[in-house]
Amino acid sequence: MKGVIMIIDGMADRPHEKLSGKTPLEAAETPNMDRIAESGVNGIMDPIKPGVRAGSDTSHLSILGYDPYSVYTGRGPFEAAGVGVDVKPGDIAFRCNFATADENLVITDRRAGRIRSGTSEIARTINSMEIEGFEDVEIIFRESTGHRAVLVLRGPDLADSVSDADPKSEGKPPKKVKSTDGSPESMRTAEILNMIVERSYEVLKDHPVNLKRISEGEAPANIILPRGAGAVPDVEKFQTRYGIRAACIAETGLIKGIGNLTGMDVIDVEGATGGIDTDLDGIREAIISTLNDDYDFLLINIDGADEAGHDGDLEGKLEFIEKVDAMLGDMPEMDDVCFILTADHSTPVSVMDHTGDPVPIVITGPGVRVDGVKSFGERAAAAGGLCRIRGSDIMDILLDLMNKKDKFGA
Ligand SMILES: O=C(O)[C@H](O)COP(=O)(O)O
Ligand SMILES: [Mg+2]
C-alpha cells in the first residue's frame with residue numbers, strides 16, 4: 001500500500017459575502033473532490049494547533065510529522081535547499097522577494113508584478129555585488145519560483161537572529177534589519193543585509209531586464225527584500241524516521257526544499273509555475289508516473305490557490321479550485337493507495353494572507369471507515385469521522401492505514 005498526501009496550498013478560506021456566505025471551496029463546482037469526500041473519512045485539521053497561523057513551511061513540517069518548534073530555523077534554508085543551494089553549517093539563508101521600489105525606496109509592489117521571467121539574469125547581477133568592508137562574506141543569490149529568491153551569506157561571524165526587511169505591505173520602505181538578540185554576529189549580519197538591500201536598488205534600477213519590463217508596463221524587480229533568516233536545520237531523513245521511500249512533487253522552491261532536506265526524491269515538473277496558470281496536466285502525469293515507481297509515499301503540493309488568496313483574487317481562486325478538481329477527475333483509479341487530500345493552511349481572499357482557520361481533510365483507501373460526508377468543504381468536513389485533528393496526527397493515521405505503524409506496547 002502507498003501513501004499520498006496532496007496539499008492544495010492555501011485552498012481553505014473563510015465565508016465570502018460575494019458567495020452568499022460560502023467559501024470558495026464550498027462554492028466551486030468540485031464533483032471529484034466531493035466524490036473523494038463521499039468515499040472517505042473527513043475532518044478538519046489544524047496544521048499546528050488551533051488558531052496558529054501556519055506558514056507553508058511550518059505546516060508541511062508538522063504534516064510530515066516533524067515538530068516545527070524544534071526543527072524550524074527559518075524559511076531561508078528550506079527555500080535555499082529547494083533551489084539547489086547547499087546550505088552549510090555557519091551559513092545564514094534567507095528567503096527573498098524580488099520587489100519594486102520607487103526612487104525614494106518606497107515599496108510599490110512586494111512581488112514585482114509577480115515576475116515570472118528574467119530573474120536569473122537579475123540574480124547574476126546581485127551575485128556580482130561586493131559589500132564594502134565585508135569582503136570576507138560571500139553572497140550566494142539564486143532565483144526561486146516566480147517573485148521568490150534565496151540569499152545565503154557565507155563567512156565568519158554571522159547569525160540568523162535578525163529581523164526581516166520585508167515590510168509585508170506596499171507604501172512603506174524596506175524595514176531596517178535589526179539584531180534580535182544583541183549578539184555581535186547578528187549585528188554584523190544585520191548591517192550586511194541593510195547594505196545588500198540598498199545596493200540591490202542601485203544595481204537593479206537600470207538593469208536591462210527592468211528597463212524592458214518598464215517599457216512593457218510591467219513592475220521592475222529593482223530591489224530585493226530578505227526575510228525568514230535561518231541557519232541550516234537538523235532534520236531527520238523521512239526514510240530513517242518512517243522506513244518508507246518518499247518522493248515529492250512541488251512547484252515552489254520552499255516545498256522542494258522541505259522535500260530535499262527530509263531526504264525525499266524531488267520530482268521536477270516542466271511547466272509547474274506555482275501560479276493559477278500552472279500546467280496541471282503535467283503535474284498529473286508526474287503523479288501517475290511517480291506512483292508507478294517503487295515509492296511508498298508521495299507528497300504533492302499545488303500552489304495556485306495560495307497565490308490567488310494572497311492576491312485577493314476570488315474569481316481566480318474559484319477557477320483554480322475547479323481546475324484542480326478536474327485534474328483529480330482525470331486521475332486513474334488508485335487501488336492500493338491511501339490518499340489524503342487537504343490544505344496546508346487557509347489563505348482567505350478577504351485577508352490576503354494565511355489565517356489559523358482549520359482546513360478540510362479527507363482520507364480514502366482500503367480500510368478507511370467511510371463516514372456520511374457528501375461534499376468536500378470546510379464545514380461539511382467538520383461533521384466527518386476524523387472530527388478535528390492536528391497536522392502532527394496525519395503521519396500516524398496514514399502509516400496505520402498503510403499497516404506500517406509499530407504497536408505501542410505489547
Ligand atoms: O507564496 C509564498 O511564498 C508565501 O506564502 C507568501 O509570499 P509573499 O508574501 O511574497 O506572497
Ligand atoms: Mg502554503
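This is a predicted model: local features need pLDDT of at least 70, side-chain atom pairs count only at pLDDT 80 or more; totals for chains, interfaces and linings use all residues.
1. Ground rules. Local features need pLDDT of at least 70 and side-chain atom pairs count only at pLDDT 80 or more, while totals for chains, interfaces and linings use all residues. Residues are numbered from 1 along each chain as its sequence is written, chains are lettered from A and ligands numbered from 1 in the order in which they are written, and side-chain values use heavy atoms, leaving out hydrogens and water.

2. Two domains. Domain 1 covers 2–72 + 235–401 and domain 2 covers 84–231, with bounds from an automatic or database domain assignment. Taken over C-alpha atoms, their centres are 30 Å apart.

3. Where they touch. Ten residues of domain 1 contact six of domain 2 (contact: heavy atoms within 4.5 Å).

4. Charges across the interface. The rule finds seven salt bridges between domain 1 and domain 2 (a side-chain nitrogen of Lys or Arg within 4 Å of a carboxyl oxygen of Asp or Glu). Look also at Asp 311 and Arg 111, whose side chains form a salt bridge at 3.4 Å, N to O.

5. The ligand. Residues surrounding ligand 1 include Arg 95, Asn 97, Arg 111, His 147 and His 310 (a heavy atom within 4 Å). Oxygen atoms of ligand 1 lie 2.7 Å from a polar side-chain atom of Arg 95, 2.9 Å from one of Asn 97 and 2.7 Å from a side-chain N or O atom of Arg 111. Alone, ligand 1 exposes 320 Å², and the protein buries 95% of that (Shrake-Rupley method, 1.4 Å probe).

Conventions
A polar contact is a pair of N or O atoms within 3.5 Å; within protein, one must be able to donate a hydrogen and the other to accept it, and residues adjacent in sequence count only if both atoms are side-chain atoms.
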